[in-house]
Amino acid sequence: MKISVVVPVYNAGKYLAECVDSILNQTYKDIELILVDDGSIDGSPQICDNYAKTDERVKVIHKSNGGVSSARQTGIENISGDYVLFVDSDDWLDLDTVKICCEQVCKYPEIGCVMFSYCREFPDKSLCNHVFDGDRIFLENEEFKTKVYRRLFGLNNSELNHPERLENLTTCWMKLYRADLAKQGKFIDINEIGSCEDGIYNIYALRNCKSAVYLDKPLYHYRKLDTSLSNGYRLELPRQWNKLFGIFQNFIDENNLAEFQEALNNRISLSIIGIGLNELTNPEERDISFAKYMKNYIGGRQYRNAVSTLDLKALPIDWKVLLFCCKHRLSFLLAIILKLIKLIK
(Lines give C-alpha, C1' and ligand atoms only; values in the text may rest on other atoms or scores of the structure.)
Protein backbone atom coordinates (compact mmCIF):
# COMPACT_ATOMS: atom_id res chain seq x y z
CA MET A 1 0.00 0.00 0.00
CA LYS A 2 1.18 3.50 -0.79
CA ILE A 3 1.36 6.15 1.94
CA SER A 4 1.09 9.86 1.12
CA VAL A 5 2.69 12.28 3.55
CA VAL A 6 1.54 15.91 3.34
CA VAL A 7 3.84 18.59 4.77
CA PRO A 8 2.76 22.26 4.72
CA VAL A 9 5.88 24.44 4.58
CA TYR A 10 6.16 28.09 5.52
CA ASN A 11 9.53 29.68 6.39
CA ALA A 12 10.68 26.44 7.98
CA GLY A 13 14.23 26.44 6.66
CA LYS A 14 15.78 25.95 10.10
CA TYR A 15 14.01 22.66 10.76
CA LEU A 16 12.81 21.43 7.36
CA ALA A 17 15.70 19.05 6.61
CA GLU A 18 15.20 17.18 9.89
CA CYS A 19 11.50 16.83 9.12
CA VAL A 20 11.93 15.65 5.53
CA ASP A 21 14.78 13.28 6.38
CA SER A 22 12.64 11.62 9.05
CA ILE A 23 10.03 10.91 6.35
CA LEU A 24 12.28 9.81 3.48
CA ASN A 25 14.33 7.59 5.78
CA GLN A 26 11.30 5.65 7.02
CA THR A 27 11.84 1.89 7.18
CA TYR A 28 8.65 1.61 5.08
CA LYS A 29 9.64 2.82 1.62
CA ASP A 30 6.42 3.01 -0.44
CA ILE A 31 5.94 6.69 0.40
CA GLU A 32 4.87 9.75 -1.53
CA LEU A 33 5.99 13.02 0.07
CA ILE A 34 4.10 16.16 -0.88
CA LEU A 35 5.79 19.38 0.21
CA VAL A 36 3.45 22.36 -0.09
CA ASP A 37 5.47 25.57 -0.05
CA ASP A 38 2.96 28.13 1.21
CA GLY A 39 4.65 31.26 -0.12
CA SER A 40 7.81 30.96 1.99
CA ILE A 41 10.24 33.88 1.82
CA ASP A 42 13.23 32.16 3.42
CA GLY A 43 15.25 29.28 1.96
CA SER A 44 12.44 26.74 2.27
CA PRO A 45 11.41 26.71 -1.43
CA GLN A 46 14.95 25.84 -2.55
CA ILE A 47 15.28 23.15 0.12
CA CYS A 48 12.03 21.58 -1.12
CA ASP A 49 13.16 21.68 -4.74
CA ASN A 50 16.53 20.13 -3.86
CA TYR A 51 14.81 17.15 -2.24
CA ALA A 52 12.60 16.70 -5.33
CA LYS A 53 15.74 16.55 -7.52
CA THR A 54 17.33 13.80 -5.47
CA ASP A 55 14.33 11.61 -4.57
CA GLU A 56 11.57 10.77 -7.05
CA ARG A 57 9.13 10.18 -4.19
CA VAL A 58 9.07 13.92 -3.46
CA LYS A 59 6.53 16.24 -5.08
CA VAL A 60 6.77 19.99 -4.48
CA ILE A 61 3.90 22.43 -4.88
CA HIS A 62 4.60 26.17 -4.68
CA LYS A 63 1.64 28.41 -3.90
CA SER A 64 0.92 31.88 -2.59
CA ASN A 65 0.62 32.19 1.16
CA GLY A 66 -2.77 31.12 2.46
CA GLY A 67 -2.05 29.58 5.86
CA VAL A 68 -1.60 26.02 7.08
CA SER A 69 -5.19 24.96 6.37
CA SER A 70 -4.90 26.14 2.78
CA ALA A 71 -1.58 24.32 2.36
CA ARG A 72 -2.97 21.08 3.77
CA GLN A 73 -5.98 21.34 1.48
CA THR A 74 -3.69 21.75 -1.52
CA GLY A 75 -1.68 18.76 -0.40
CA ILE A 76 -4.67 16.47 0.10
CA GLU A 77 -5.96 17.38 -3.37
CA ASN A 78 -2.73 16.02 -4.86
CA ILE A 79 -2.28 12.73 -3.05
CA SER A 80 -2.23 9.39 -4.84
CA GLY A 81 -1.68 7.11 -1.83
CA ASP A 82 -4.06 4.69 -0.15
CA TYR A 83 -3.46 6.26 3.27
CA VAL A 84 -2.38 9.74 4.40
CA LEU A 85 -0.20 11.21 7.14
CA PHE A 86 0.11 14.91 7.96
CA VAL A 87 3.43 16.19 9.31
CA ASP A 88 4.24 19.80 10.17
CA SER A 89 7.49 21.13 8.74
CA ASP A 90 9.20 21.78 12.09
CA ASP A 91 8.30 18.35 13.52
CA TRP A 92 9.62 14.84 12.84
CA LEU A 93 8.64 11.17 12.88
CA ASP A 94 10.22 8.11 14.44
CA LEU A 95 11.78 6.13 11.60
CA ASP A 96 9.41 3.19 12.13
CA THR A 97 6.22 5.29 12.30
CA VAL A 98 4.82 4.39 8.87
CA LYS A 99 5.83 0.73 9.18
CA ILE A 100 4.12 0.39 12.57
CA CYS A 101 0.94 2.04 11.27
CA CYS A 102 0.86 -0.13 8.15
CA GLU A 103 1.21 -3.25 10.27
CA GLN A 104 -2.01 -2.26 12.04
CA VAL A 105 -3.79 -1.72 8.71
CA CYS A 106 -2.71 -5.18 7.57
CA LYS A 107 -3.88 -6.67 10.86
CA TYR A 108 -7.23 -4.83 10.80
CA PRO A 109 -8.02 -4.05 7.15
CA GLU A 110 -11.41 -2.56 8.02
CA ILE A 111 -10.08 0.30 10.15
CA GLY A 112 -10.20 3.83 8.78
CA CYS A 113 -7.61 5.40 11.06
CA VAL A 114 -4.52 4.49 13.06
CA MET A 115 -3.86 6.90 15.94
CA PHE A 116 -0.79 7.20 18.15
CA SER A 117 0.60 9.35 20.93
CA TYR A 118 3.25 12.03 20.50
CA CYS A 119 5.93 13.96 22.36
CA ARG A 120 6.11 17.69 22.79
CA GLU A 121 9.75 18.57 22.26
CA PHE A 122 11.12 21.51 24.23
CA PRO A 123 14.75 22.69 24.05
CA ASP A 124 15.56 20.99 27.35
CA LYS A 125 13.00 18.19 27.73
CA SER A 126 10.40 15.95 26.08
CA LEU A 127 6.85 15.51 27.36
CA CYS A 128 4.77 12.65 26.01
CA ASN A 129 1.05 13.25 25.43
CA HIS A 130 -1.31 10.31 25.73
CA VAL A 131 -4.85 10.08 24.40
CA PHE A 132 -5.74 6.85 26.19
CA ASP A 133 -3.89 4.89 28.86
CA GLY A 134 -2.52 2.00 26.83
CA ASP A 135 -3.20 0.60 23.37
CA ARG A 136 -6.85 0.49 22.34
CA ILE A 137 -8.78 -1.16 19.51
CA PHE A 138 -12.16 0.25 18.46
CA LEU A 139 -13.64 -2.18 15.97
CA GLU A 140 -17.32 -1.63 16.78
CA ASN A 141 -18.94 1.42 15.22
CA GLU A 142 -20.76 2.45 18.39
CA GLU A 143 -17.62 2.17 20.50
CA PHE A 144 -15.63 4.25 18.01
CA LYS A 145 -18.38 6.86 17.98
CA THR A 146 -18.65 7.21 21.75
CA LYS A 147 -15.01 6.73 22.78
CA VAL A 148 -13.16 8.39 19.89
CA TYR A 149 -15.33 10.51 17.63
CA ARG A 150 -17.30 12.13 20.45
CA ARG A 151 -14.06 13.11 22.14
CA LEU A 152 -13.28 15.48 19.27
CA PHE A 153 -16.09 17.64 20.66
CA GLY A 154 -14.91 17.54 24.27
CA LEU A 155 -14.24 15.46 27.39
CA ASN A 156 -16.85 13.58 29.41
CA ASN A 157 -17.10 11.85 32.78
CA SER A 158 -13.79 10.30 33.94
CA GLU A 159 -11.95 11.93 31.01
CA LEU A 160 -12.24 15.15 33.03
CA ASN A 161 -9.65 13.67 35.40
CA HIS A 162 -7.18 14.92 32.77
CA PRO A 163 -8.53 18.22 31.39
CA GLU A 164 -5.07 18.90 29.97
CA ARG A 165 -5.77 16.13 27.44
CA LEU A 166 -8.63 18.07 25.83
CA GLU A 167 -6.80 18.54 22.52
CA ASN A 168 -4.64 15.41 22.55
CA LEU A 169 -6.95 13.62 20.12
CA THR A 170 -7.88 16.54 17.86
CA THR A 171 -4.58 17.02 16.02
CA CYS A 172 -4.40 15.73 12.46
CA TRP A 173 -0.70 14.87 12.64
CA MET A 174 -0.92 11.88 14.99
CA LYS A 175 -3.11 9.81 12.68
CA LEU A 176 -2.82 7.67 9.57
CA TYR A 177 -6.06 8.19 7.61
CA ARG A 178 -7.57 6.07 4.88
CA ALA A 179 -7.37 8.38 1.86
CA ASP A 180 -11.11 8.48 1.13
CA LEU A 181 -11.79 9.64 4.69
CA ALA A 182 -8.97 12.20 4.67
CA LYS A 183 -10.44 13.80 1.55
CA GLN A 184 -13.74 14.38 3.39
CA GLY A 185 -12.06 16.60 5.97
CA LYS A 186 -12.91 20.29 6.04
CA PHE A 187 -10.11 22.82 6.47
CA ILE A 188 -10.92 26.18 8.06
CA ASP A 189 -8.43 29.04 8.35
CA ILE A 190 -7.10 29.35 11.90
CA ASN A 191 -7.52 33.13 11.61
CA GLU A 192 -11.27 32.56 11.55
CA ILE A 193 -11.54 30.26 14.58
CA GLY A 194 -8.42 30.98 16.66
CA SER A 195 -7.38 27.36 17.21
CA CYS A 196 -8.55 23.73 16.91
CA GLU A 197 -8.65 23.84 13.11
CA ASP A 198 -7.47 20.21 13.30
CA GLY A 199 -10.50 19.34 15.42
CA ILE A 200 -12.87 20.76 12.82
CA TYR A 201 -11.02 18.89 10.08
CA ASN A 202 -11.41 15.65 12.00
CA ILE A 203 -15.13 15.90 12.74
CA TYR A 204 -15.65 15.92 8.97
CA ALA A 205 -12.87 13.47 8.04
CA LEU A 206 -13.88 10.85 10.60
CA ARG A 207 -17.67 11.15 10.52
CA ASN A 208 -17.89 8.11 8.22
CA CYS A 209 -15.13 6.20 9.98
CA LYS A 210 -16.39 3.05 11.71
CA SER A 211 -13.30 1.75 13.51
CA ALA A 212 -9.78 2.69 14.55
CA VAL A 213 -6.70 1.57 16.45
CA TYR A 214 -4.80 3.63 19.03
CA LEU A 215 -1.15 2.86 19.76
CA ASP A 216 0.15 4.32 22.99
CA LYS A 217 3.55 4.92 21.40
CA PRO A 218 4.98 8.44 20.86
CA LEU A 219 5.74 8.07 17.16
CA TYR A 220 5.46 11.80 16.38
CA HIS A 221 7.60 14.63 17.74
CA TYR A 222 5.99 18.05 17.99
CA ARG A 223 8.52 20.83 18.32
CA LYS A 224 7.30 23.41 20.81
CA LEU A 225 8.54 26.77 19.53
CA ASP A 226 8.50 30.11 21.33
CA THR A 227 7.38 31.71 18.05
CA SER A 228 4.04 29.90 18.22
CA LEU A 229 0.92 31.95 17.47
CA SER A 230 -0.38 31.03 20.91
CA ASN A 231 2.35 32.95 22.75
CA GLY A 232 1.28 36.52 21.96
CA TYR A 233 -1.84 38.47 22.87
CA ARG A 234 -4.75 37.69 20.55
CA LEU A 235 -7.36 40.42 20.64
CA GLU A 236 -9.82 38.47 18.53
CA LEU A 237 -9.64 35.19 20.46
CA PRO A 238 -13.07 35.40 22.19
CA ARG A 239 -14.77 36.17 18.87
CA GLN A 240 -12.82 33.44 17.09
CA TRP A 241 -13.67 30.83 19.72
CA ASN A 242 -17.30 31.87 19.61
CA LYS A 243 -17.23 30.97 15.90
CA LEU A 244 -15.32 27.75 16.63
CA PHE A 245 -17.89 26.63 19.19
CA GLY A 246 -20.63 27.62 16.77
CA ILE A 247 -19.21 25.30 14.10
CA PHE A 248 -19.19 22.41 16.57
CA GLN A 249 -22.74 23.27 17.65
CA ASN A 250 -24.05 23.48 14.10
CA PHE A 251 -22.47 20.12 13.31
CA ILE A 252 -24.20 18.55 16.32
CA ASP A 253 -27.55 20.05 15.34
CA GLU A 254 -27.31 19.18 11.64
CA ASN A 255 -26.21 15.59 12.27
CA ASN A 256 -28.55 14.79 15.18
CA LEU A 257 -25.72 14.25 17.64
CA ALA A 258 -27.47 15.50 20.76
CA GLU A 259 -25.52 12.94 22.82
CA PHE A 260 -22.38 15.00 22.09
CA GLN A 261 -23.80 18.18 23.61
CA GLU A 262 -22.38 17.58 27.08
CA ALA A 263 -18.89 17.11 25.61
CA LEU A 264 -19.13 20.40 23.72
CA ASN A 265 -20.42 22.17 26.83
CA ASN A 266 -17.40 20.87 28.72
CA ARG A 267 -15.08 22.11 25.96
CA ILE A 268 -16.62 25.57 26.24
CA SER A 269 -16.35 25.47 30.05
CA LEU A 270 -12.66 24.54 29.96
CA SER A 271 -11.97 27.42 27.55
CA ILE A 272 -11.80 29.73 30.55
CA ILE A 273 -8.09 28.95 31.00
CA GLY A 274 -7.19 29.92 27.44
CA ILE A 275 -9.37 33.02 27.47
CA GLY A 276 -8.05 34.18 30.85
CA LEU A 277 -4.36 33.57 30.17
CA ASN A 278 -4.67 35.22 26.77
CA GLU A 279 -6.19 38.36 28.28
CA LEU A 280 -3.42 38.50 30.89
CA THR A 281 -0.94 39.00 28.05
CA ASN A 282 -2.81 42.15 27.00
CA PRO A 283 -0.25 44.95 27.51
CA GLU A 284 -3.05 47.34 28.42
CA GLU A 285 -4.61 45.04 31.02
CA ARG A 286 -5.06 46.21 34.62
CA ASP A 287 -6.28 44.30 37.68
CA ILE A 288 -9.72 45.86 37.85
CA SER A 289 -10.34 45.74 34.12
CA PHE A 290 -9.24 42.09 34.03
CA ALA A 291 -11.77 41.14 36.70
CA LYS A 292 -14.46 42.96 34.72
CA TYR A 293 -13.38 41.20 31.53
CA MET A 294 -13.69 37.80 33.17
CA LYS A 295 -17.04 38.76 34.67
CA ASN A 296 -18.35 39.59 31.22
CA TYR A 297 -17.00 36.36 29.72
CA ILE A 298 -18.41 33.96 32.31
CA GLY A 299 -21.64 35.95 32.33
CA GLY A 300 -22.14 35.56 28.59
CA ARG A 301 -25.04 33.38 27.54
CA GLN A 302 -22.96 30.78 25.70
CA TYR A 303 -20.52 30.25 28.54
CA ARG A 304 -23.16 30.46 31.27
CA ASN A 305 -25.28 27.77 29.60
CA ALA A 306 -22.27 25.49 29.07
CA VAL A 307 -20.76 25.66 32.55
CA SER A 308 -24.16 25.14 34.19
CA THR A 309 -24.11 21.49 33.03
CA LEU A 310 -20.47 20.80 34.00
CA ASP A 311 -20.02 18.09 36.64
CA LEU A 312 -17.12 19.22 38.82
CA LYS A 313 -16.57 15.91 40.63
CA ALA A 314 -14.13 14.35 38.16
CA LEU A 315 -11.93 17.44 37.80
CA PRO A 316 -8.57 17.80 39.60
CA ILE A 317 -8.82 20.06 42.64
CA ASP A 318 -7.25 23.12 40.98
CA TRP A 319 -9.60 22.92 38.00
CA LYS A 320 -12.49 22.21 40.35
CA VAL A 321 -11.89 25.46 42.25
CA LEU A 322 -11.47 27.40 39.02
CA LEU A 323 -14.67 26.08 37.43
CA PHE A 324 -16.58 26.47 40.73
CA CYS A 325 -15.82 30.19 40.47
CA CYS A 326 -17.14 30.17 36.91
CA LYS A 327 -20.31 28.30 37.83
CA HIS A 328 -21.08 30.74 40.63
CA ARG A 329 -19.79 33.80 38.74
CA LEU A 330 -17.13 34.67 41.33
CA SER A 331 -15.25 36.80 38.86
CA PHE A 332 -12.88 38.55 41.28
CA LEU A 333 -11.68 35.26 42.79
CA LEU A 334 -11.48 33.79 39.29
CA ALA A 335 -9.23 36.67 38.21
CA ILE A 336 -6.91 36.08 41.17
CA ILE A 337 -6.62 32.35 40.44
CA LEU A 338 -5.86 32.97 36.77
CA LYS A 339 -3.14 35.43 37.72
CA LEU A 340 -1.60 32.83 40.01
CA ILE A 341 -1.71 30.25 37.21
CA LYS A 342 0.05 32.65 34.86
CA LEU A 343 2.68 33.36 37.52
CA ILE A 344 3.32 29.63 38.03
CA LYS A 345 3.53 29.02 34.27
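Modeller: Let's begin with H13 and H14, which are roughly antiparallel to each other. This is a predicted model, where local features need pLDDT of at least 70, side-chain atom pairs count only at pLDDT 80 or more, and totals for chains, interfaces and linings use all residues. Residues are numbered from 1 along each chain as its sequence is written, and side-chain values use heavy atoms, with hydrogens and water left out.

Biologist: Why are H13 and H14 called roughly antiparallel?

Modeller: Helix H13 (residues 317-327) and helix H14 (residues 331-344) pack at an angle of about 150 degrees, their axes 9 Å apart. Angles over 145 degrees count as roughly antiparallel, so H13 and H14 get that label.

Biologist: Which residues make the contact of H13 and H14?

Modeller: H13 brings Val321, Leu322, Cys325 and Cys326, while H14 brings Leu333, Leu334, Ile337, Leu338 and Ile341. Contact means heavy atoms within 4.5 Å.

Biologist: What classes of residue are in the contact of H13 with H14?

Modeller: There are nine nonpolar, no polar and no charged residues. Ala, Val, Leu, Ile, Met, Phe, Trp, Tyr, Cys and Pro count as nonpolar, Asp, Glu, Lys and Arg as charged, and the others, Gly among them, as polar.

Biologist: What makes H10 roughly antiparallel to H11?

Modeller: Helix H10 (residues 261-279) and helix H11 (residues 287-299) pack at about 150 degrees, with axes 11 Å apart. That angle is why H10 is roughly antiparallel to H11.

Notes. Axes are lines fitted to C-alpha atoms, for helices over the stretch in contact, and angles run from 0 to 180 degrees between N-to-C directions. Helices (H or I, at least four residues) and strands (E, at least two) are DSSP runs, numbered from the N terminus. Angles under 35 degrees count as roughly parallel, over 145 as roughly antiparallel, 65 to 115 as roughly perpendicular and the rest as oblique.
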